[in-house]
Amino acid sequence: MKMHVLTLFPEMFTAVTGSILGRAQEKGILEFQFINIRDFSKDKHKKADDYTFGGGPGLLMLAEPIFGALSHLGMEKSKAEREHVHKKLLYMSPRGKVLNQKKIETLAQEEEITILCGHYEGVDQRVLDYWEMEEVSIGDYVLTGGELAAMVLMDSVARLVPGVLPREGSAMEESIYSGLLEYPQYTKPREFCGMEVPEVLLGGNHKQIYLWRFEKALRLTKAVRPDLLEAFLRNREDFTKDERKVLEKVLK
Ligand code: 6GU
């Protein structure tokens, strides 16, 4: 998968290239391209922003350098054309639809994702209109720019691309996929600061271990995210007899 990022702060993305995602790039599974929007400014001072028409505080990113960068990438103008070639064009913005795991799974199917990071007060609206950009937020709070949000998106999408995670399958096993929060886990040593690893995990009875983890996940989800538990119970009814017993114990 190719990921292109248009930003005024390309140096921030060393956080991406210096991690597991960087290793995936070396292996040829992912390909990153960071484009400095300022390089496409036609202004002699490389200006990429200006004051807003109508007044108000802060600067807005200019349309022209962004158009230049997208044209340089050979970007298709319409959403329909991009869909045809499995490309996405996203604008990171607190105004967008909030990212969730389902959306991330859909994005992981793309061949190419291009992400525009806004800064200051955002971008000229004509950028979003002309290129039919999809706006994506990462939550109901405000960041100084789209870069950190873009990295969140890139990381969560990239880990679903086959071969990116060191152990195949570890992305799919995790609990958000089953709709519950993750059960507690332990590694060596068996005793640490007077705290023991739960006995059941040392035994090797896989069914018992599974049911213990299921119960822990249910209890944790009930306490922290009752909304997730409710959805989980609504979406699944194919429980085994043993699972049903655990469920009854936790829900009563
Ligand atoms: Cl995508 N951008 C900014 N600036 N703030 C945000 C955001 C994005 N998502 C949540 N807050």
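Q: Why is Phe67 called partly exposed?
A: Its relative accessibility is 22%. Buried means under 20% relative accessible area, exposed over 50%, and partly exposed in between (1.4 Å probe, protein chains only), so Phe67 counts as partly exposed. The model is predicted: local features need pLDDT of at least 70, side-chain atom pairs count only at pLDDT 80 or more, and totals for chains, interfaces and linings use all residues. Residues are numbered from 1 along each chain as its sequence is written, and side-chain values use heavy atoms, without hydrogens and water.

Q: What makes Phe67 and Tyr130 a tilted pair?
A: Ring centres of Phe, Tyr and Trp (its six-membered ring) must lie within 6.5 Å; planes under 30 degrees apart count as stacked, over 60 as edge-to-face and the rest as tilted. Here the centres are 4.7 Å apart with 40° between the planes, so the pair is tilted.

Q: Why does this pair tie together parts that are apart in sequence?
A: Phe67 lies in helix α3 (residues 63-72) and Tyr130 in helix α6 (residues 125-130), so the parts joined are 63 residues apart in sequence. Helices here are DSSP runs (H or I, at least four residues).

Q: How do you know that Lys77 lies over the face of Tyr130?
A: The rule asks for NZ of Lys or CZ of Arg within 6 Å of the ring centre and within 35 degrees of the ring normal. Lys77 is at 4.4 Å from the ring centre and lies over the face.

Q: Why is Tyr130 neither buried nor exposed?
A: Its relative accessible area is 36%, so Tyr130 is partly exposed.

Definitions and conventions. Helix = DSSP H or I, 4+ residues; strand = E, 2+ residues; numbered from the N terminus.
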